[in-house]
Amino acid sequence: MNNSITAVEAQRLAFLYAWGPAVFEVARILVKEKILANIDSQPDGLSAEQIAQDLNWSMTSTNALLEAALTTRILEKNEQNKYILTKIGWVMLNNNMIEVDIDFMQHVNYHNFHHLQQALATNQPVGLNRQGWKNIYEALSHLPAPTQQAWLNYDHYHSDNSFNAAIDIMSRNEHQHVLDVGGNTGEWALKYVQHNPQAQVTVCDLPEQITMMHQAINGQPGAERIHGWGVDLLDENATWPQQYDAIWMSQLVMCFPAATSIRILQHVKQALLPNGKIYLMEVVWDQQKHPAAAFCQTMNSLYFIATASGNNKMLSKDELEDIIHAAGLKVDDVHKELGIGGHWMWEIGME
């Protein structure tokens with residue numbers, strides 16, 4: 001038994017988990033209604049009456065929310081009986097990732113998680129299946145605007161801040177013809193061509209994603225050197241022309257079951273010129289420096305089960321490297337802790 005916390009704290013956390021959906025709503029409302037921001041803007045805090053007036057809510061509703069915020073330790077009261085932020089409340093207000101994650105949970109996962117148990121049992125994204133889609137990737141261009149934007153914001157926030165560091169490393173080898181596999185809306189491709197004025201990047205993704213990509217990069221500097229190739233990565237009959245000196249794959253391998261990821265890597269490496277390199281950027285949950293990061297990644301696995309595809313999860317370091325070796329590839333170098341999101345990048349060559 002883990003004895004690192006007291007029995008009282010264990011009891012508190014157990015009930016926190018049991019009331020998880022209500023706790024989420026309290027946190028979400030405090031952020032989205034700017035309650036935390038308004039409290040923080042006043043050196044002496046705010047009274048319940050002032051908060052109710054700002055919201056145009058009844059005192060009953062306001063007190064219900066604020067009292068829940070007290071017991072979840074997001075807020076506390078000072079000697080003037082006014083509400084102020086705790087350390088938890090301060091983090092919720094000042095860490096941009098919190099609001100990104102809240103929107104992702106609210107718009108992408110919330111209703112789908114009601115079907116998590118069935119998804120775990122069947123390896124089907126039951127929440128998404130109710131809307132007629134097999135996986136989140138083919139559904140993305142058809143999702144309601146708030147859902148699509150929340151998904152894109154989450155995806156970009158948790159990867160874009162690592163792109164510059166990865167591109168700096170790749171640029172040492174002066175790659176001029178790069179294949180971006182699973183390139184989504186072209187965020188990485190745009191950064192790469194702007195950093196490397198002679199480079200050409202081909203974004204490979206589902207046809208509907210390629211359409212979104214062209215729309216997203218239209219008119220941006222370097223966009224004329226970005227090309228699209230619409231292909232289903234799961235199509236074993238797809239032809240991969242051998243013409244690229246580098247292949248970039250960001251947060252793609254963990255989007256599929258291990259056997260499928262192995263097949264994708266085996267197909268993709270056909271596009272690599274001799275002595276070319278594959279750069280694989282992923283987040284491995286068991287190598288995070290901070291417990292909060294590991295927690296978020298294991299929760300993200302449940303998004304994959306309930307919503308994204310039903311049959312994959314976030315990977316450990318050993319699981320990822322087993323996939324690389326099983327695909328007939330070798331790890332030449334590993335670059336750790338790129339950006340703020342705990343990303344690692346594997347520099348890969350042929351065995």
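On one side of helix 4, E49, Q53 and D54 are exposed (exposed means over 50% relative accessible area, buried under 20%, and partly exposed in between, with a 1.4 Å probe and protein chains only). This is a predicted model, in which local features need pLDDT of at least 70, side-chain atom pairs count only at pLDDT 80 or more, and totals for chains, interfaces and linings use all residues. Residues are numbered from 1 along each chain as its sequence is written, and side-chain values use heavy atoms, leaving out hydrogens and water.

Now look at the other side. Helix 4 (residues 48-55) has A48, I51, A52 and L55 as its buried residues. They lie on the same side of helix 4 because their arc around the axis is only 100°. An α-helix has 3.6 residues a turn, so residues three or four places apart point the same way. After helix 4 comes N56, with a positive phi near 60°.

Which elements do the buried residues of helix 4 pack against? Here they are:

| Partner of helix 4's buried residues | Residues |
|---|---|
| Helix 3 | 35-40 |
| Helix 5 | 59-71 |
| Strand 2 | 83-85 |

Next, a helix pair. Helix 7 (residues 96-109) packs with helix 11 (residues 145-171) at an angle of about 140°, and their axes are 8 Å apart. Helix 7 is therefore oblique to helix 11 (angles under 35 degrees count as roughly parallel, over 145 as roughly antiparallel, 65 to 115 as roughly perpendicular and the rest as oblique). Residues of helix 7, including M97 and F104, meet residues of helix 11, among them W151 and Y154, where contact means heavy atoms within 4.5 Å.

Terms used
Axes are lines fitted to C-alpha atoms, for helices over the stretch in contact, and angles run from 0 to 180 degrees between N-to-C directions. Helices (H or I, at least four residues) and strands (E, at least two) are DSSP runs, numbered from the N terminus. The arc is that of the directions from the helix axis to the C-beta atoms.
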